[in-house]
Amino acid sequence: MGLKEIFISVKKPIIGMIHLPSLPGSYNYQGQSLDSIKDQALADAQKLAKSGVDGLLMQNANDRPASLEVCLEKAAYMSV
């Protein structure tokens with residue numbers, strides 16, 4: 001599905017990015033609780049929504065070094 005099908009009434013949609021902190025299973029994980037990570041992501045989402053973005057994406061770019069394998073912890077945290 002393309003952007004034109006998702007954003008029917010928006011000619012040039014603006015997508016905001018939610019950057020998660022390092023997640024469990026990654027080298028840089030600092031031991032944050034699920035609630036802390038979730039609260040940070042929701043606060044970022046609210047700020048972006050108030051700024052008028054048309055959509056949101058979420059990424060775990062702070063999980064460095066990047067791995068080609070997905071561990072169960074990261075998938076579970078991103079699902080929440």
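Analyst: Happy to! Let's begin with the whole chain. Of the contacts in the protein with a separation of 6 or more, 73% are between residues 24 or more positions apart. Keep in mind that this is a predicted model.

The protein has three helices and two strands, and from the N terminus on they follow the order α-β-α-β-α. The C-alpha trace spans about 40 × 25 × 20 Å along its principal axes. Its radius of gyration is 15 Å, while a compact globule of 80 residues would have one near 12 Å. Buried residues make up 19% of the 80 residues.

Now for your part. How many salt bridges are there? The count comes to one. Its partners are aspartate 35 and lysine 38, whose closest N and O atoms are 3.7 Å apart. That pair counts because the cut-off for a salt bridge is a side-chain nitrogen of Lys or Arg within 4 Å of a carboxyl oxygen of Asp or Glu. As a general point, side chains of opposite charge can pair when their charged atoms come close.

Where do the two partners lie? Both belong to helix 2 (residues 34-50), where they are three residues apart, about one turn of the helix.

What about their exposure? Aspartate 35 is partly exposed, because its relative accessible area is 48% and partly exposed covers the range between under 20% (buried) and over 50% (exposed). Lysine 38 is partly exposed too, with a relative accessible area of 34%.

For context, here are two other places on the protein. One is a nonpolar patch on the surface, formed by Met1, Leu3, Ile6, Ile15, Met17 and Leu57, with about 610 Å² of accessible area together. Helix 1 (3-6) and strand 1 (15-19) are the elements that give two or more residues to this patch. Methionine 1 lies in the segment before helix 1 and is exposed, at a relative accessible area of 85%.

The other place is alanine 66, in the loop between strand 2 (55-59) and helix 3 (72-79). Alanine 66 is exposed, with a relative accessible area of 75%. In sequence, alanine 66 and serine 26 are 40 residues apart, yet in space they are 8.6 Å apart, C-alpha to C-alpha.

To come back to your request: the salt bridge joins aspartate 35 and lysine 38, and both lie in helix 2.

Methods: Residues are numbered from 1 along each chain as its sequence is written. This is a predicted model: local features need pLDDT of at least 70, side-chain atom pairs count only at pLDDT 80 or more; totals for chains, interfaces and linings use all residues. Side-chain values use heavy atoms; hydrogens and water are left out. Patches are made of residues with over 30% relative accessible area and no salt bridge: like charges are joined within 9 Å, nonpolar side chains (Val, Leu, Ile, Met, Phe, Trp, Tyr) within 5 Å. Accessible areas come from the Shrake-Rupley method with a 1.4 Å probe; for residues, only the protein chains shown count as cover. Helices (H or I, at least four residues) and strands (E, at least two) are DSSP runs, numbered from the N terminus. Buried means under 20% relative accessible area, exposed over 50%, partly exposed in between (1.4 Å probe, protein chains only). The radius of gyration is taken over C-alpha atoms; the globule rule is 2.2 Å times the number of residues to the power 0.38. Contact means heavy atoms within 4.5 Å.
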